[in-house]
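Please keep the sequence and the model in view while reading.

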Amino acid sequence: MTAKPGQGSGSADLLFAVYEPAISYTPPAPWKLSGALGGKLFMLAPRWDAASYLANSTGGGTPAKKGAATFSYVPTLTYSAKAGAEERGVAQHIKTAFTVPQDTKPYMSAKKVPGQSAKDPLHRLVNKTRKDDNRKAAVKQCKRYWGANYTQGGKLECDESPFATTYEGAAEADHDSEAKKFNFSVKPIPAAENLAGGNILRSFYAKNRIIDGMDDGFLVKIRS
């Protein structure tokens, strides 16, 4: 299925639909089947976009073919906390933030880091200024709890959960008056593992065509 560009809303040219396919099938000879040989499947929710930060935003010289389609659902980003996993430090940090938030920094008695359930997903953030705000707020807390030299000469980096590339990042309360302050976690982790986690996240955004804003949420799962 395709959709003509320009029909959607916003800068990403978003277009939503609902689709319920009907199928029929005939078994090859000499096989025979009893019962219904067709019917309607479950409802599908296709979505089209031409977001500038996702693939094929221009159509490669053919504007009528710009953008792409996906299905409207809440995808799950999976990280591995197993020994040897390149993103292990990131996964272990998120697991702690999800399961024992009271053991994370900064301290907040009612902390509940989002991204664990469909009722409280994460949302991608594209705006550079706000992403920078998230990173600055995270680094501020890393310095607060581990000192100005928390990187140990560049060996470590300040990892944050939720990600700085989400609206729920460390500076959320600075931009949303209804957000809870300090409802995030920071921790210095090996720089290479932080880089690996970031690469996996960027790939996840691209493959699932995650759109900026509150119309497109995702979850995080830790495999251990």
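The points below cover a sheet, a loop residue and some backbone features.

This is a predicted model, in which local features need pLDDT of at least 70 and side-chain atom pairs count only at pLDDT 80 or more, while totals for chains, interfaces and linings use all residues. Residues are numbered from 1 along each chain as its sequence is written, and side-chain values use heavy atoms, with hydrogens and water left out. Helices (H or I, at least four residues) and strands (E, at least two) are DSSP runs, numbered from the N terminus.

**The sheet**
- Three strands form an open sheet in the order S6-S10-S7, with mixed pairing; two strands pair if DSSP finds at least two bridges between them.
- Strand S6 (76-80) and S7 are at the edges with a single partner strand each, so one side of each has no neighbour in the sheet.
- S6 and strand S10 (residues 217-223) run parallel and are joined by five bridges.

**Tyrosine 107**
- The loop between helix H1 (88-99) and strand S7 (122-123) holds tyrosine 107.
- Tyrosine 107 is exposed, at 54% relative accessible area (buried is under 20%, exposed over 50%, partly exposed in between; 1.4 Å probe, protein chains only).
- Beyond neighbours within four places in sequence, tyrosine 107 is in contact with Gln102, Tyr145 and Phe182, where contact means heavy atoms within 4.5 Å.

**Backbone features**
- Lysine 105 and proline 106 are joined by a cis peptide bond, with omega about 0°.
- Phenylalanine 182 has a positive phi near 70° and is partly exposed at 24%.
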